[in-house]
Protein chains: 6
Amino acid sequence: LVGIPYDGTSSYCPGSRFGPDALRMASDSLETYDPLFGYDLADIPLGDAGNMCVSFGDPKSVVDHIRAQVKGIMGEYPECRFLFIGGEHLISLPAVSCLRDKYHDLMVIQFDAHADLRDEYAGERLSHATVMRRIVDVVGGMNVYQFGARSGTREEFMFGTHTTHFYPFGLNMLSEAAREIRGKPVYLTVDLDILDPSCMPGVGNQEPGGPHFEVLEKALLSLKGIHLVGADIVELCPLRDSNGISAVAAAKMARQILMLLYDAQSG
Amino acid sequence: LVGIPYDGTSSYCPGSRFGPDALRMASDSLETYDPLFGYDLADIPLGDAGNMCVSFGDPKSVVDHIRAQVKGIMGEYPECRFLFIGGEHLISLPAVSCLRDKYHDLMVIQFDAHADLRDEYAGERLSHATVMRRIVDVVGGMNVYQFGARSGTREEFMFGTHTTHFYPFGLNMLSEAAREIRGKPVYLTVDLDILDPSCMPGVGNQEPGGPHFEVLEKALLSLKGIHLVGADIVELCPLRDSNGISAVAAAKMARQILMLLYDAQSG
Amino acid sequence: LVGIPYDGTSSYCPGSRFGPDALRMASDSLETYDPLFGYDLADIPLGDAGNMCVSFGDPKSVVDHIRAQVKGIMGEYPECRFLFIGGEHLISLPAVSCLRDKYHDLMVIQFDAHADLRDEYAGERLSHATVMRRIVDVVGGMNVYQFGARSGTREEFMFGTHTTHFYPFGLNMLSEAAREIRGKPVYLTVDLDILDPSCMPGVGNQEPGGPHFEVLEKALLSLKGIHLVGADIVELCPLRDSNGISAVAAAKMARQILMLLYDAQSG
Amino acid sequence: LVGIPYDGTSSYCPGSRFGPDALRMASDSLETYDPLFGYDLADIPLGDAGNMCVSFGDPKSVVDHIRAQVKGIMGEYPECRFLFIGGEHLISLPAVSCLRDKYHDLMVIQFDAHADLRDEYAGERLSHATVMRRIVDVVGGMNVYQFGARSGTREEFMFGTHTTHFYPFGLNMLSEAAREIRGKPVYLTVDLDILDPSCMPGVGNQEPGGPHFEVLEKALLSLKGIHLVGADIVELCPLRDSNGISAVAAAKMARQILMLLYDAQSG
Amino acid sequence: LVGIPYDGTSSYCPGSRFGPDALRMASDSLETYDPLFGYDLADIPLGDAGNMCVSFGDPKSVVDHIRAQVKGIMGEYPECRFLFIGGEHLISLPAVSCLRDKYHDLMVIQFDAHADLRDEYAGERLSHATVMRRIVDVVGGMNVYQFGARSGTREEFMFGTHTTHFYPFGLNMLSEAAREIRGKPVYLTVDLDILDPSCMPGVGNQEPGGPHFEVLEKALLSLKGIHLVGADIVELCPLRDSNGISAVAAAKMARQILMLLYDAQSG
Amino acid sequence: LVGIPYDGTSSYCPGSRFGPDALRMASDSLETYDPLFGYDLADIPLGDAGNMCVSFGDPKSVVDHIRAQVKGIMGEYPECRFLFIGGEHLISLPAVSCLRDKYHDLMVIQFDAHADLRDEYAGERLSHATVMRRIVDVVGGMNVYQFGARSGTREEFMFGTHTTHFYPFGLNMLSEAAREIRGKPVYLTVDLDILDPSCMPGVGNQEPGGPHFEVLEKALLSLKGIHLVGADIVELCPLRDSNGISAVAAAKMARQILMLLYDAQSG
């Protein structure tokens, strides 16, 4: 578990920098055992590396700085698999590019209400709204699976349809995709705004009309068996989480993704 | 788009007077393109007439005052179709009665958790709880379609069953109704409390047990093809919208209804 | 209706002591007629006995004190059936044990996100996390039906599976169970955290992934016809109910359970 | 104690209809003894007459309706003195006019951030913004003492200066005024927005720059010895009282005014 | 720094169990240098021992359990001085009694809106409302200085006046007291409700009419030079701290008390 | 009035980008007349230029972009004086540097809880924490008056003491300073965190222990008569303004500064 408290390019509501700490505090209210996944965190070797130090300022140098730290920690603990906690979605880029150095056939699965496929946003090529476009640059469109997009420009929807495995409006095709990529190393990036705002108000860009927690939980369960080598959970914004439900849901998801990582490593 | 910030007869939680402004601010966080409806607001001729000036005091004179302003703006822009943003539900009455003057076979579709069919409420014949009864007086019960009522007195449920097209507890029969009224001029009034409070806490009267945003969105989509000549969205109450999800959902609905209006006009 | 404002053993977020008052205030925003259940509270003989006086301190003496008061009020009004409003879940224990004295074949149905089957918790045998274990001690495991558990230790899930009628992850088997116990006296205990936190943020321990209000409402409706002799609604925590939806949902549920109690008594 | 939950003419943030209940709940957290005033509520004969029934609609009929009820309750309990809890400021008008019938030389002291001296507001002569002007009509300007006004139109400040005992920007001159009116029957109306919003955020119209609670408390203490025959506390708006401090402060003030009423009656 | 997250006897609003973590998080927003006290935390040897493990249940065993842990940690680090972070006020009792074992002439200074001098409360001799009475039992009334009480029963005010150095309604006499006890070992207990609720809404029992932060800060500064051997800050209740100002103020106070402890030890 | 919604370098709580809109909405609840300053906004020629378009990303290019826009609007309306609404404090730098081009002897008065005199912060020379250091670079230390600093590093306090007119801990010396700079062109920058968090919770960095609104209001009044040529109000962060008092206070301050600008221009 590594926190990356960065939200420098948030275009609507900032505050995801407080995400990692809120997620940790909320996890105190949860059991360590997951009756759906069948594991108990208490039985899994697990560490928390704290929050990265990120500055603000020029996105390019911030991304470089995060990449250097990810590289460093991956070098220090070569046997570990990492779950990164954002911070905004841009942090996925340095994480993916480090993993891509290690796994040359890396696949990326994205859960997200937004396509994030703009080529630039407000004149900037590095931002939460362009991050998947940059990841396509790194791993190639055919290695990217995008689920649940329900917001974007017409251009993004066109680009997605022609370039990536693009499954908007839901998670139905996920188990089929999971079958396709069985055996290949996979990175999973979960933008929490994939969930309906009723379940997850505490995100930077609320987008009404998404799946509920129970649906997402079952989608994650259907990923059991894939070769998961890294993951992130991004965009938790506690400033809009007035009754605490977002942080708890993010913490439960973190528990389940840690179990997927463990399952992939041990199985 | 016309805001009517009136909530003088709210019986439980007032504050819908702030609804129009909250809806406008929240719309900044949304894209202009709607991948479900296939339109982009940027391509639609569109104007915002600001908020009406409404006083408080005697409901009858307020309703008359609103009616005069609606009449005025409809006269000024005879080629426009209007989406009114409440304010409380009573504002639908002057809007419908103006449109009825223009379209003599006007149909009214209502989405609402409440029947609003009381003949009087707290001694007053003009209020958010009697508005549909007054609209029945104006357009006739057989021209009114009511969807989703899950709260009311026994008398209201009886009245609805015998007088209007009354479909309580859901939106299932909507596409059938849409087929029935194809070709006729339709006014759509959406009381936001039709949605479950988990999606829409920011309303005057929360009524647990309603449809989620996704269901409503599909219901709206099924109205594509009807001859929509006017609409309103009412009862947004930002004072209870502690995490902002109500305003965003209302803004997305406004985007979709504007697309329905455009589709009906251009198609 | 009896309020028991006790939350002395809350392990995560306390505050359910304010539950009874918040539920009463929220009920002002609801109609007395329920179109689903077909009753009107105005036609049902009904009383509100106010809140019990509970101290804090040693859980054992608190439980004894509540038991004495329940016994007292049951003696005073022998013809009444009671709906107790918590307070935390521990208050179910004295209520059940008093009713067990009266009905020797008492069945208990529990709706709850947690199994509450620990034998002790933080060194204490009396707490909200052990309450069902203590109730099993009182009425016997085969007289206990547990629905909806989605959180607990591995040991609790094992114990439940072997000892009680244990139906985790949903309410599907409820109507079948209702058929099994037809004719027997039943006590219903509803821990509000059974609901998904999107519908019910205001509870002591939010557990993402539960049913929505509409599902629970239908589950309650399917209990029409059982011989309900008492019930409680527990764990409403207004301090986390920032937009008021939890209190309204709890109040609507109270209305519906009062109708079940009336239906069982009169039918 | 009589609650009058009316806020039909609120011009900015409505919600004071919930004021009386919020004040009562908050008073549970306070002691009955006041070390500054030296009384204990437990030793004072005291009753709570609940909330009046007020409708919405035409302000004139609402004011008439409240006046009739005040008259009724004063007739029923001729030996009692009343503290009315609003609701908005307009409710002072019927209260004052009833007391004026009983005491022909009635003086009125107002604590308020606003002069409330407009002759009409938004076309309406009866509203929270004109209430003191109407009270001047009833008792005469020279019988009105206004303290603390820090907001209004230039015309209101002119009118106040020429017509009433007008002491804007503070409470300094209060003890001098108390000396002047010693022996005469006095009605005290406290608009809670007199306090700085840091102490009292939960009001309809926050006006930064007012006195703090401690200052107001001492001002009240300096009224010990006047012949207080009635009082009100108005404009508590719980919807903006996110951390509860407004309701507690209003409840403490109510305790102290009840002591002033008792002191005047018994002394 | 030692957190003691206990709130089992809270009589109004519970939640102080979350106090220590909230204080730590808020301290991230503050500088380490204090321009008033002239120290920089970065230059002071300092450690954080985390939160104590406290159960709920019988207050007596909880107090014993805390006392054992305080004794343990004091034995382990005999050269350290401790600042305890509550939790509710009852935690001061075990802390004081351990220090009394070490310093036989221990003085206790209390800042508090409440006298906390009841002999029992709701039948319980150990609670936040009796804690100072129990501390008087331990160290003797003439060794206790109480500042700022503005709420309590008549009996508590009488008892205080006759038994302890009792200075209600302010902090004026503090520097004189500081002179009196110069050289003697002192324990300082700060119940955060001493502050006015406008500065410190996030406490269990808000009591309007207290000093503002700046006044308290200067009072603390006037304690420079006393022989401070231990301290606590209690009753921070984040559930009511809707805008975060309470946690920041508590954190700044913690910084200043740590500087007083360092000054006393090094000077 | 020009809004600059930028908060890219916020180090603690971001969100000041929403500041300008929140200030405008809150100003609806205020009168246009100010009884303290004696002006009515309705009588003052006044315009609102809306919000600037600011991107995120590299602070240097953002500052350059803002500077270009300020220059543009100053060129377009050479006879106007501007009040800029932040956004974070960094926006003062481009505003001051444009005005310095016009007025070569420009003085800068700062109201702020922080010295903002770091030479760099987190490796960045352009940020809200270094902005006054950069302004010293532009106008020279002897032309800078800093009031109210109560937080900073030891180095900043040293630098301020030796370089600027540095008056920490209050606003006492303000009228004297006003006399000193009479006749010279002055830019006033108000960081809202100068106010105590009880009055102004909605800022990026709350710093307990500051002046209350009334004190600040009088300080502003004492600036009547100086030759004010521009001003800004920065760091309003609505996400932490849970009860709305911050936005109202900022709006009232904006009204008063607009009156100072008018007074300086017309007088």
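1. Over all chains, a search of the whole structure finds 90 salt bridges, a salt bridge being a side-chain nitrogen of Lys or Arg within 4 Å of a carboxyl oxygen of Asp or Glu. Side chains of opposite charge can pair when their charged atoms come close. The structure is a predicted model, in which local features need pLDDT of at least 70 and side-chain atom pairs count only at pLDDT 80 or more, while totals for chains, interfaces and linings use all residues; side-chain values use heavy atoms, with hydrogens and water left out. Residues are numbered from 1 along each chain as its sequence is written, and chains are lettered from A and ligands numbered from 1 in the order in which they are written.

2. On confidence, the model scores ipTM 0.88 and pTM 0.87. Chain A has a mean pLDDT of 88, and 93% of its residues reach 70 or more; pLDDT is the predictor's confidence in each residue, from 0 to 100.

3. Contact (heavy atoms within 4.5 Å) takes 24 residues from chain C and 27 residues from chain A. The area buried between the two chains is about 1900 Å², and carbon and sulfur atoms give 53% of that area. Buried area here is the accessible area (1.4 Å probe) that two parts lose on being put together, summed over both.

4. Polar and charged pairs also cross the interface of chain C and chain A. The rule finds seven residue pairs in polar contact there, both residues being at pLDDT 80 or more. A polar contact is a pair of N or O atoms within 3.5 Å; within protein, one must be able to donate a hydrogen and the other to accept it, and residues adjacent in sequence count only if both atoms are side-chain atoms. Three salt bridges are found across this interface. K252(A) forms a salt bridge with E207(C), with the closest N and O atoms 2.7 Å apart. On the side of chain C that touches chain A, the residues divide into six nonpolar, 11 polar and seven charged. In this division Ala, Val, Leu, Ile, Met, Phe, Trp, Tyr, Cys and Pro count as nonpolar, Asp, Glu, Lys and Arg as charged, and the others, Gly among them, as polar.

5. Two further chain pairs do not touch. No contact joins chain A and chain D, whose closest C-alpha atoms lie 11 Å apart. No contact joins chain B and chain E either, and their closest C-alpha atoms lie 11 Å apart.

6. E31(C) lies in the loop between α1 (19–27) and α2 (59–76) of chain C; helices (H or I, at least four residues) and strands (E, at least two) are DSSP runs, numbered from the N terminus. E31(C) counts as buried, at 19% relative accessibility, where buried means under 20% relative accessible area, exposed over 50%, and partly exposed in between (1.4 Å probe, protein chains only). Not counting residues up to four places away in sequence, E31(C) touches R118(B), S151(B), G152(B), T153(B), E156(B) and R255(C). The side chains of E31(C) and R118(B) are joined by a polar contact of 3.0 Å. E31(C) and R255(C) are 224 residues apart along the chain, and their C-alpha atoms are separated by 9.6 Å.

7. In chain A, D119(A) and R134(A) form a salt bridge whose closest N and O atoms are 2.6 Å apart. This pair links distant parts of the chain, with D119(A) in the loop between β3 (107–111) and α4 (131–139) and R134(A) in helix α4, 15 residues apart. D119(A) is partly exposed at 33% relative accessibility, whereas R134(A) is buried at 7%.

8. The side chains of R154(E) and D43(D) meet in a salt bridge (3.6 Å, N to O). The pair joins two chains, because R154(E) lies in helix α5 (residues 154–163) of chain E and D43(D) in the loop between α1 (19–27) and α2 (59–76) of chain D. R154(E) is partly exposed, with a relative accessible area of 31%.

9. Most residues other than glycine have a negative phi, and most peptide bonds are trans. The peptide bond from G86(B) to G87(B) is cis, with omega near 5 degrees. E235(F), although not a glycine, has a positive phi of about 80 degrees; E235(F) is found in the loop between β7 (227–234) and α8 (245–266) of chain F and counts as buried at 5% relative accessibility.
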